[in-house]
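Thanks for coming. Please look at the model first.

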Amino acid sequence: MKITEHIDHRNGRTLFSFELLPPLKGENFESISQTIDPLIEFNPASIDVTYHREEIVYKEREDGLLEKRTVRKRPGTVGISAAIKFKYNIDVVPHLICGGFTREETENALIDLYFLGIHNLLLIRGDNPAGEKAFKPEPDGNHYALELVKQAMNMNRGIYLEDDIVNANPTGFCIGVAGYPEKHPEAPNMAADILHLKEKIEAGASYIVTQMFFDNAAFFRFEKACREAGINVPIIPGLKPLSTKSQLSALPKTFSIDLPEALFREADKCSTNHQIRELGVEWAIAQSRELIKAGVPVLHFYTMGKSDNIRKIAEAVF
Ligand code: FAD
C-alpha cells in the first residue's frame, strides 16, 4: 500500500513507522532483524531504509603515506528493502538520493525498485561526502531533490529519459520528501526553505517527513508555516530519542538543530549513557504524546540501528 493510503485509512489513529540503516558491508540480514523484530508487535505502517553514498577514507600504506580511497560502507538499500518487504510483509520506503547518481542510474534504480513491487520512495538530495565543502551532483545528475521528484513523476507518467521509448507503462510511485522544522542548514531563511519544499510538493511529492527535532514547538511552527504557504500534504514528524552524552554536541552540529534548555539541563545531570538513554526515552514519550494529541498522521522514529529505546516509547504511546 502507498504511504498516502495508509494515512487515508488510519481512522484518526496516529500510525507508527521507523527508519533503519542498511547493514554495514560484511554484515547480514540478521543484523537488521535485531532492530526490526522488537518493533513488529506495534504494527508499523512502513519501514524506511536510508541510502548511503560513498565516503572518502584515508588508509595508511606500508611506506607510511596515506592513500585516499572511496568506499561505500552501507550499500544494499534496494536489496535490503526488498528483503524486509518479503520477510515481514510490511511496506518499505527506500531512500534515494541525487548524490553519486547520473540521471540514467537513477532511472535504472527506480526501474529495479518498481519491478520489486516497491512503490514508496523518500527522495532526497543527500549531503556532500565528508571532506567536500559543497554538494556536487554527478555530471548529468540531479542537483536538488526537486529534480529527482520530477524524474520519478515523469516515470509515473510513462516518460523515460530516452524519448524513443513510447507507450511505456507508467510507474505508480508514492513520493515523500524531507522537511526541516528548524530550517535546512544551507537555506538562507525559513521562508526560502519552505518555498523550495513547496516546489517539491507541486512537482508531485505526496507527503513530508521532517528532520528530527526535540522541541515540539518547532514542529508546530513549521507545520503552520507550511499550511500558510499552501502546502497541504501530510507532514510526518521524525523523532530520535537522545541516546548518548556525545549527542548533546553531535546532533546540533550534524543536523543543525537545537536541543531545548530543559533537556540539556537534565542530560547534563546524567553521568552514564544508560541514564541518558532513559532520559531520551522519557523525553520522546512526552513529545510523542503531545504530537498524537495534535493529530499527526504518523510518528516516525529514527532508530540509528538500535530499537530497545524505540520499543519503550512504542509501548508507552501505541
Ligand atoms: P533539497 O530539497 O534539494 O534542498 C537542499 C537545499 O537546497 C535546501 O537548503 C533548500 O532550501 C535548497 N534548495 C532547494 N531547491 C533549490 C533551488 N531550486 N535553488 C536554490 N536552493 C534550493 N541523506 C542521505 O544521504 N541518505 C538518506 O537516506 C537520508 N534520509 C533523510 C531522511 C529525512 C527524513 C531527512 C530530513 C533527511 C535525510 N537525509 C538523508 C539528509 C538529506 O540528504 C540532507 O539533509 C540534504 O542536505 C538535503 O536533502 P533535501 O532532500 O532536503 O534537499
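I start with a definition: a residue is buried under 20% relative accessible area, exposed over 50%, and partly exposed in between, using a 1.4 Å probe and protein chains only. This is a predicted model, where local features need pLDDT of at least 70, side-chain atom pairs count only at pLDDT 80 or more, and totals for chains, interfaces and linings use all residues. Residues are numbered from 1 along each chain as its sequence is written, and side-chain values use heavy atoms, with hydrogens and water left out.

Now, the two loop residues. Ser-256 counts as partly exposed because its relative accessibility is 31%. Ser-256 sits in the loop between helix 8 (247–255) and helix 9 (261–269). Helices here are DSSP runs of H or I with at least four residues, strands are runs of E with at least two, and both are numbered from the N terminus. The phi angle of Ser-256 is near 50°, which is positive although the residue is not glycine.

Met-304 also has a positive phi, near 55°, and is again a residue other than glycine. You will find Met-304 in the loop between strand 10 (298–302) and helix 11 (308–317). With a relative accessible area of 38%, Met-304 is partly exposed.

Next, the salt bridges. Side chains of opposite charge can pair when their charged atoms come close. The cut-off used here is a side-chain nitrogen of Lys or Arg within 4 Å of a carboxyl oxygen of Asp or Glu. How many salt bridges does the structure hold? It holds 15.

I will show a few of them. Arg-69 pairs with Glu-67, and their closest N and O atoms are 3.3 Å apart. Arg-69 is partly exposed at 37%, and Glu-67 is partly exposed at 28%.

Lys-312 pairs with Glu-278, with 2.9 Å between the closest N and O atoms. Lys-312 lies in helix 11 and Glu-278 in helix 10 (residues 273–293), so this pair ties together parts that are 34 residues apart in sequence. Lys-312 is partly exposed at 36% relative accessibility, and Glu-278 is partly exposed at 31%.

There is also a network of salt bridges that links Glu-41, Arg-311 and Glu-315.

Then there is Arg-125, in the loop between strand 6 (120–124) and helix 5. Is Arg-125 buried or exposed? Arg-125 is buried, because its relative accessible area is 11%. Leaving out residues up to four places away in sequence, Arg-125 touches several residues, including Phe-135, His-143, Tyr-144 and Glu-186; contact means heavy atoms within 4.5 Å. Arg-125 forms a salt bridge with Asp-127, the closest N and O atoms being 3.8 Å apart. Asp-127, by contrast, counts as exposed at 52%.

Last, the surface. Which residues form a negative surface patch? They are Glu-104, Glu-105, Glu-162, Asp-163 and Asp-164. A patch takes residues with over 30% relative accessible area and no salt bridge, joining like charges within 9 Å and nonpolar side chains (Val, Leu, Ile, Met, Phe, Trp, Tyr) within 5 Å. Asp-163 is in the loop between helix 5 (145–156) and strand 7 (174–179), and Asp-163 counts as exposed at 74%.

That is the end of my part.

Key
Areas by Shrake-Rupley, 256 points an atom, 1.4 Å probe, with all protein chains shown as cover. Lys, Arg positive; Asp, Glu negative; His and termini not counted. Charge placed at Lys NZ, Arg CZ, Asp CG, Glu CD.
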